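Hello,

The structure we discussed is below, followed by notes on what was found in it. Please check the notes against your own reading.

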Amino acid sequence: MHSFFNPTSPQARAVAGLWWWMFGVGAVIWIGVTILALWAANSGRGHRESDGLTHVDPGTRHRVERIVAGGVFLTVLILAGFLIYDFSVGRLLAEHPPRALTIQVTGHQWWWEVLYEDPDPSQRLTDANEIHVPVGQMVQFKLRSVDVIHSFWAPNLNGKRDLIPGYESTLWFRADTPGVYRGQCAEFCGLQHAKMSFYVVADPPVKFATWRATSSLPATPPTTDTLRYGQTVFMSSGCAVCHNIAGTGARGTVGPDLTHFKSRESLAAGTLANTRLNLTRWIQNPSAVKPGVRMPALPFKPAELNALVSYLETLK
Amino acid sequence: MRAACCGWRLTTAVAFIVAATACEREQRRLNSQQPKQPTEFVSQVSLQPGPTLISDTTEGPFDDNAHGTAEGQVLFEQMNCSGCHANGGGGMGPALMDDEWIYGSKPDQIFASIAEGRSNGMPTWKYRLNNQQIWQLVAYVRSLSGLTPKSARPSREDHMMTKPAPSQTPNAKPKNTGLPGGAIKP
Amino acid sequence: MTSTNNRALPADITLTEADLSRDAAALEETWRDTPGLWGWLSAIDHKSIAKRYIITAFAMFVAGGIEAAFMRMQLARPENALIGPDKYDQLFTVHGTTMMFLFAVPIMTAMGLYFVPLMVGARTVAFPRLNAFGYWTYVVGVLFLYVSFFVNTGPDTGWFAYVPLSGPNYSPGHRVDVWAQVVTFTEIAALCAAVNVIVTAFKMRAPGMSVNRIPLFVWAQLVVAFMIVFAMPAVATGSTLMLATDRAVNMHWFNPAEGGDALLWQHMFWFFGHPEVYIIFLPALGMVTPIIETFCRRPVFGYTAIVMANITTAFFAFGLWVHHMFATPIPELGQSLFTAASMVISIPTGVQIFCWIATMFIGRPRLTLPMLFILGFIFTFVNGGITGVMLASVAFDKEAHDTFFVVAHLHYVLIGGGVMPLFAAFYYWFPKITGRMLGETLGKWHFWLFLIGMQVTFFPMHILGLEGMPRRVYTYLEPTGWGTLNLVATIGAVTIATSVLIFIINAVRSWRGGAEATDNPWNSSGLEWLPSSPPPSYNFLHSPVVSSRHPLWDTTVDMPVLTGLRTDRREVLITTVFDAQPDSRHTSPWSTIWPLYVALCMGLVFIGSVFSPYFVLGGLGASAIGLIGWAWVSARDFHRDLVALPDGSVVERT
């Protein structure tokens with residue numbers, strides 16, 4: 001799910017290939033040098049002289065000189081080989097088609113804002129903490145940060161790229177196998193750096209198109225009284241100040257977009273599974289799950305909380 | 001060597017004593033224990049016996065806490081207080097950096113102003129923010145005019161310089177408006 | 001002695017026993033530190049200062065280890081509630097800062113400050129008062145960091161404190177200011193040590209110790225001293241100037257909205273940060289050579305190659321820093337240059353390791369404790385070096401950067417390449433410093449537990465990193481599957497802690513009542529083994545005259561010496577840079593309290609700068625007074641009335 005040893009993109013596969021070569025050669029060198037050192041420490045070819053010191057005859061000395069020089073030469077060759085291989089992998093990683101799906105990821109303390117770009121503004125889609133990509137298509141990521149340095153890293157799919165305020169960095173990959181891949185922030189960004197994860201959901205192109213179409217729609221309006229009450233609780237308390245639910249009066253941009261909240265696998269940036277129980281727990285006291293998080297614990301009565309959670313559960 | 005050993009014991013003892021005091025400025029209160037709201041909200045009438053004294057001695061829960069004041073700074077921006085108060089210089093709303101306090105500068109009074117709202121446009125926030133957040137905003141607002149301890153005030157933001165950083169603002173001086181009945185000078 | 005010009009010199013003389021003991025008594029009186037607390041505080045004997053440095057730095061190693069132990073306890077299980085994020089962030093920052101700034105560099109420079117004068121045949125370092133000032137400044141840094149840590153003001157943004165997180169907006173309070181000033185103090189101390197090493201090694205060598213006869217330990221220290229001089233100003237500018245002023249007086253060095261740049265910090269820091277690790281590593285390599293020579297009973301194979309390897313490594317170390325920034329949006333072509341440089345730097349180190357293995361091969365190695373640690377060094381460091389070459393590749397580094405793979409790599413190279421040779425050096429030179437031998441049995445326990453513990457702790461971290469675990473996380477979720485390897489790593493950490501505890505017990509017991517050591521218990525070849533164990537305050541009765549790389553092995557007759565230095569003042573011999581011909585005589589200064597005073601005033605300047613500019617002004621003014629006192633030359637420096645007593649001792653006539 002998040003292992004470098006399980007590459008699912010050509011980029012990650014190229015890097016993994018480079019790694020296995022370096023690992024193999026490196027292991028041989030490590031074991032070889034260790035054996036050589038242990039052998040040398042247990043042997044000793046010199047002979048003791050009257051001054052108590054060890055001397056060698058010139059012949060042995062010359063042989064050893066040639067062996068050392070040979071070892072250095074071999075090192076240079078191996079390094080040159082690695083260098084060339086690395087440059088070729090680098091070139092592959094830098095290749096990308098001119099037009100591809102572009103996703104803008106903005107790092108916040110401690111969640112990921114995701115914006116799917118489109119030439120048609122009405123097709124632009126804002127989401128949070130979960131990224132959908134079509135299988136078999138190159139995706140370009142434009143990475144920015146609004147506060148501190150974060151780093152976007154999904155090990156199965158590609159290396160990481162830092163999100164640095166004042167810069168826009170780019171990252172490319174193409175997912176080859178459908179699945180859910182986990183990533184985590186990889187640059188220390190404060191108190192909840194440890195719990196700032198995300199999921200990349202790679203869907204076959206048809207399923208991706210369906211997902212995108214559904215997600216562009218505004219939120220499902222509430223149908224029952226409880227759900228309407230839940231929406232009222234959402235709007236009248238602090239929730240609407242920070243969160244956005246398209247199609248309602250909640251237009252906050254401080255926290256993650258919740259329009260299709262329930263369609264996500266996780267909540268709180270990959271920290272908890274998106275279940276009713278976890279959602280209740282999270283809303284009641286976010287600081288218990290992620291100490292230091294900026295989402296406040298608002299004083300809901302049990303009936304209010306129940307209705308609110310039910311409402312949120314309908315936001316698919 | 002002997003002198004060195006005494007030195008180590010002394011240093012350890014001092015260190016333990018110092019550790020017990022645990023600097024309040026650097027505390028990060030990450031659990032859910034929120035400071036309580038004031039038991040009695042101050043009335044909105046500004047009449048009081050004697051001249052008004054702008055207080056710089058009463059402390060709110062986060063006034064001497066650097067992290068809490070900084071969180072107040074974040075909230076100030078996220079709740080769009082600048083929309084009316086413009087980084088403290090005022091606009092549609094009154095300036096927050098000066099020493100004119102229509103509804104009082106005590107932490108309780110500012111809490112009431114934020115939580116209850118005030119006439120002429122200050123919204124009510126008590127249903128939107130919890131007590132912890134309002135007290136953090138109180139600390140930040142007070143820091144804008146130099147009413148909180150200097151070492152706990154926030155420094156510059158990573159934005160364009162729209163105002164001097166609160167840590168560079170001079171400490172507020174107690175001000176006596178001198179008017180009978182506590183009326184504020186126009 | 002032949003002379004380079006045509007002055008007639010007195011013929012060689014033979015010294016009688018009476019001459020020697022009279023000179024020894026007078027020199028002891030002239031060079032020793034004054035007794036008592038005041039004497040201890042005003043001591044400037046390089047051996048006293050270096051011993052204090054070593055003890056303080058080792059205490060920092062233990063403190064850093066305790067912090068690491070707490071971190072490992074927290075990470076042993078997923079979602080552990082032992083330590084929360086705030087405290088954990090302070091723990092890993094203080095651990096890194098302690099180990100890199102307060103342990104590794106000071107202990108390497110301390111070994112240099114103790115042994116470079118002894119190895120080159122000098123009485124003391126070139127600037128003893130500056131040496132003392134450096135130590136006291138370092139102590140101020142230690143106290144500032146740890147007192148702050150105990151009052152919840154420990155820095156919490158990592159040992160490299162990236163902005164904007166460590167900037168004024170995202171790190172409120174004074175935690176990061178503490179970090180910035182600790183860097184200042186350790187940088188000043190390192191510069192003082194570096195200046196001393198350079199001038200001592202260049203100008204105070206024994207006559208005849210030409211450049212091609214300088215011991216490899218001294219070569220390594222010399223090269224590292226130059227690296228310190230070039231690298232430290234970068235971090236000083238970055239942290240003391242830029243970060244501190246951004247935070248205190250609202251400069252905009254790192255504020256993109258006002259024209260600053262967050263990446264500037266990374267460049268400034270890593271331009272220092274990469275040479276820093278070689279500043280730690282090269283002195284350790286310098287310690288390896290004399291140990292191998294002694295226990296293989298022969299000169300090292302490839303002296304010139306090792307010297308050139310040291311110099312080449314030092315140069316290249318300054319061209320690698322961007323490899324810490326491969327994940328940033330720096331143009332790829334530029335990054336590739338640093339890949340090449342990062343791979344190339346492994347070649348000179350490889351040369352050194354091959355030379356040592358060759359020495360063992362053609363010598364007759366005796367597997368004493370120092371040699372065991374050397375073998376541990378080779379085993380551990382080569383692994384770290386190989387993962388380093390892997391990380392040099394941009395493509396792979398983008399996967400492994402800022403994960404536990406890097407944590408594994410850095411500990412393999414720093415522990416394998418720094419701490420193991422250091423422990424070897426401790427076992428080797430402990431007799432010289434203290435006059436006692438370290439216990440063998442406890443030593444073997446220490447070695448095996450340390451070696452095994454180290455592998456058990458850090459090898460699983462390679463896998464953890466590649467399984468997706470990033471650095472600096474106070475916890476991780478259960479479904480990630482990282483729990484088992486983390487638990488294994490914690491068990492290894494406990495093993496390391498046990499081994500270090502065994503070492504401390506061994507050291508304390510041996511120092512108090514271990515077997516007494518002779519002058520040269522290992523039968524080594526360096527000049528530091530000529531005086532007694534421990535050496536007298538004046539190091540050498542007379543300057544030894546050197547005619548080869550291995551002075552104590554090559555003289556079958558008594559060591560020739562150069563006489564004539566005065567005994568009623570602290571006189572040292574200055575020789576020429578390349579051929580070490582006697583050049584002039586220099587009076588070394590007397591013990592004084594002024595370096596401590598100035599260090600405290602400068603402490604006030606830098607610590608006070610965090611709180612108010614008035615402290616800066618006041619502190620500088622007080623320092624100025626101190627500098628005047630420091631530089632004040634008194635008649636007593638130049639002549640003391642010494643009287644020989646009937647029992648053979650010498651006292652000052654008062």
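In this predicted model, chain A brings 72 residues into contact with 70 residues of chain C, two residues being in contact if their C-beta atoms, placed from the backbone, lie within 7 Å. On the chain A side, at least two residues each come from helix H1 (10–42), strand E2 (54–55), helix H2 (58–94), strand E9 (161–163) and strand E11 (179–184). Helices (H or I, at least four residues) and strands (E, at least two) are DSSP runs, numbered from the N terminus. H2(A) gives the most, 16 residues. By class, this side of chain A has 39 nonpolar, 23 polar and 10 charged residues (nonpolar: Ala, Val, Leu, Ile, Met, Phe, Trp, Tyr, Cys and Pro; charged: Asp, Glu, Lys and Arg; polar: the others, Gly among them).

Within chain C, helix H8 (262–296) packs on helix H12 (369–392) at about 125°, with the axes 10 Å apart; axes are lines fitted to C-alpha atoms over the stretch in contact, and angles run from 0 to 180 degrees between N-to-C directions. The contact of H8(C) with H12(C) has 8 nonpolar, no polar and no charged residues.

Residues are numbered from 1 along each chain as its sequence is written, and chains are lettered from A and ligands numbered from 1 in the order in which they are written. Local features need pLDDT of at least 70 and side-chain atom pairs count only at pLDDT 80 or more, while totals for chains, interfaces and linings use all residues.

Regards
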